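Here is a short briefing on one protein chain. Please look over the sequence and the fold before reading on.

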Amino acid sequence: MQIESQERDDALLKRSTKGDELAFTELYRRHQGPLYRFAVRMTGSSWAAEEIVQDVFMMLVREPKKYDVSRGTLGAFLYGVARNRIMKHMERSPRDFSLDESGDAGRDSHPQLHEQMTPARWAELRERRDQVRAAVLELPQEFREAVVLCELEEKSYEEAARALDCPVGTIRSRLHRGRALLLAKLEMLREVPKRANACRG
Amino acid sequence: MRAADDFGELEMTCEEFAMTGLDLGTAEDDGLLQKAAREHLRECPHCAALHENWLALRQDLRVLGAETAEVEAPSRVEMRLRQEFRTKHKTVKTQRAAHILGWSLAAAATLFFAITWVNWRLHRDGNMAKTESNVVQTASSQQKSGPASPGSVSGGSQLGEVLVASNGSGDFTLLPDSMPPAPEDATVVRVQMQRAALEALGLTVNEEHAGDWIQVDLLVGDDGLPQAVRLPQTATETTN
C-alpha cells in the first residue's frame with residue numbers, strides 16, 4: 001500500500017505501532033535528516049550523530065507510547081529526545097569534538113571554492129571555517145542549540161522555540177548570548193574600537 | 001528593553017542594539033526596530049564595527065551550515081532500525097501466538113477431562129443399573145423357587161449370570177449346567193480365590209473387582225466337581 005506523503009505523523013506512528021514496517025520507514029525518512037543534521041552540528045561528529053539518530057528511533061520502535069500526541073508534534077518530541085541524547089553524549093565525551101571532525105560532508109565538500117580561489121585564499125577560508133566550527137562546538141549547550149537552529153539551520157525564532165520547547169524570548173536571549181560568545185571567541189570584538197564618546201548608552 | 005513602539009523617536013542604546021540590531025536584514029527584523037537600529041549604526045562606530053563583524057561571522061556560520069545542509073543519516077542506520085522493528089514485532093507476534101496456543105491447549109485439556117469424567121460417570125451408572133436389575137431378577141427367582149433351607153442350593157442355571165448370596169446362612173447358588181446334589185453326597189469346602197476365578201465356573205463377575213481376593217464356599221459333589229457356590233456375607237457386600 002502506498003503511503004500518502006501528507007499522512008500525519010501520528011497516523012503513521014499508530015500504524016507503525018501495529019507492526020506496519022512501511023509506516024515506520026516513512027516516519028524515519030521524514031525525520032531522520034533534520035535530526036541527523038542537528039546532531040552533527042551539535043556534536044561535530046558524524047559517528048556520534050549516527051548513534052544519536054539510531055537511539056532516537058530505536059526508542060520509537062521499542063517504546064512508542066512515550067510519545068503523547070496531546071503534548072506536541074512528533075517532530076518536537078524527537079528533537080527533545082535527540083537533545084537528551086546529545087547532552088548525554090557531551091557528558092560522556094566532552095572533548096570528543098575536534099577541528100578535524102567534519103562529518104559526512106567534510107571540509108572538501110565545496111568544490112566551487114577550489115575553482116574560484118587561490119590556494120592561499122582557500123587555506124585562509126578553511127582555517128577560518130575551522131575556527132568558527134570550533135567556536136560553535138565550544139559554546140554551552142543551550143546557546144549552541146539556539147545558534148545551530150537559528151544561524152546554521154536558518155530556522156525562525158518560532159520554529160526554534162517549538163523545536164526546543166521553550167518561549168521565543170528564551171531563544172532570543174540565548175541567541176544574543178551565543179552570538180556574543182562567538183564573537184568573543186573569534187576575537188572579533190578586539191577590532192571594535194573603544195566606545196566613542198558619541199555612543200550613547 | 002523597550003518595545004518596538006517605543007522606538008518612535010529612532011533612539012536606541014548600544015545595549016538595545018546588541019540585543020536586537022544584529023537581526024537587521026533577517027526575517028526577525030522588525031520595521032520600527034530596523035529604523036532605530038540603522039539610525040544607531042550611523043551614530044555609533046562601536047556598534048557599526050560590531051555589526052560588521054557579526055555580518056562576517058554570520059556568513060561563516062551560513063557556510064558552515066551549508067556544508068551539512070544535505071547530509072542524512074547513513075543507510076545502515078535505516079537497515080538496523082528496520083531489522084530491530086522486524087525483530088520486535090516478530091517477537092510480539094510469537095508471544096501472542098504462544099499465548100493463544102497456551103489457552104487453546106488448556107481449554108482442550110479441560111474439555112477432554114470433562115468428557116472423560118462424564119463418560120466414566122455414565123459407564124458407572126450403567127453398570128450399577130445392570131447389577132441392580134440382576135439382583136432384582138435373582139430375588140424374584142428365589143421367591144419363585146420357595147424359601148431356601150440351610151445348607152440347600154438355591155436358584156437354577158439362570159442365576160449363574162451374577163453371583164449373589166442373599167446372606168451367609170447357607171444359601172448356595174447353583175453353577176450353570178449343574179444338578180443340585182443330594183445333601184448327603186455333597187461337601188462344603190471353603191476356599192479363598194480371586195473373584196475372576198468365579199468366571200471359570202460360569203458366573204459373571206464385575207470386572208472392576210475381578211482382582212479381589214474373596215472367600216467362597218463351594219458345594220462339591222461326590223464326583224469332586226463344584227456344583228454350587230456360596231459367598232459369606234462379608235464377601236457378598238463387595239461382590240458388586
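The points below cover the overall make-up and then one helix pair.

This is a predicted model. Chain A has 9 helices and 0 strands. Among its helix pairings, that of H4(A) with H7(A) packs at an angle of about 130°.

**Overall make-up**
- Along the sequence, chain A reads α-α-α-α-α-α-α-α-α.
- Chain A holds 201 residues, and 49% of them count as buried.
- The accessible surface of chain A is about 10700 Å². Carbon and sulfur atoms account for 48% of that surface.
- Take the contacts in chain A between residues at least 6 apart in sequence: 56% of these join residues at least 24 apart.

**Geometry of the H4(A)–H7(A) pair**
- Helix H4 of chain A spans residues 74-92, and helix H7 of chain A spans residues 141-152.
- Their axes lie 12 Å apart.
- Angles over 145 degrees count as roughly antiparallel and 65 to 115 as roughly perpendicular. The angle here is about 130°, so H4(A) and H7(A) are oblique to each other.
- H4(A) and H7(A) cross in a right-handed sense.

**Residues of the H4(A)–H7(A) contact**
- H4(A) contributes A:Tyr79, A:Arg83, A:Ile86, A:Met87 and A:Met90.
- H7(A) contributes A:Gln141, A:Arg144, A:Glu145 and A:Leu149.
- By class, the residues of this contact comprise 5 nonpolar, 1 polar and 3 charged.

Technical notes. Residues are numbered from 1 along each chain as its sequence is written. Chains are lettered from A and ligands numbered from 1 in the order in which they are written. This is a predicted model: local features need pLDDT of at least 70, side-chain atom pairs count only at pLDDT 80 or more; totals for chains, interfaces and linings use all residues. Side-chain values use heavy atoms; hydrogens and water are left out. Axes are lines fitted to C-alpha atoms, for helices over the stretch in contact, and angles run from 0 to 180 degrees between N-to-C directions. Helices (H or I, at least four residues) and strands (E, at least two) are DSSP runs, numbered from the N terminus. Angles under 35 degrees count as roughly parallel, over 145 as roughly antiparallel, 65 to 115 as roughly perpendicular and the rest as oblique. A crossing is left-handed if the near helix is turned anticlockwise from the far one by less than a right angle, and right-handed if clockwise. Contact means heavy atoms within 4.5 Å. Ala, Val, Leu, Ile, Met, Phe, Trp, Tyr, Cys and Pro count as nonpolar, Asp, Glu, Lys and Arg as charged, and the others, Gly among them, as polar. Buried means under 20% relative accessible area, exposed over 50%, partly exposed in between (1.4 Å probe, protein chains only). Accessible areas come from the Shrake-Rupley method with a 1.4 Å probe; for residues, only the protein chains shown count as cover.
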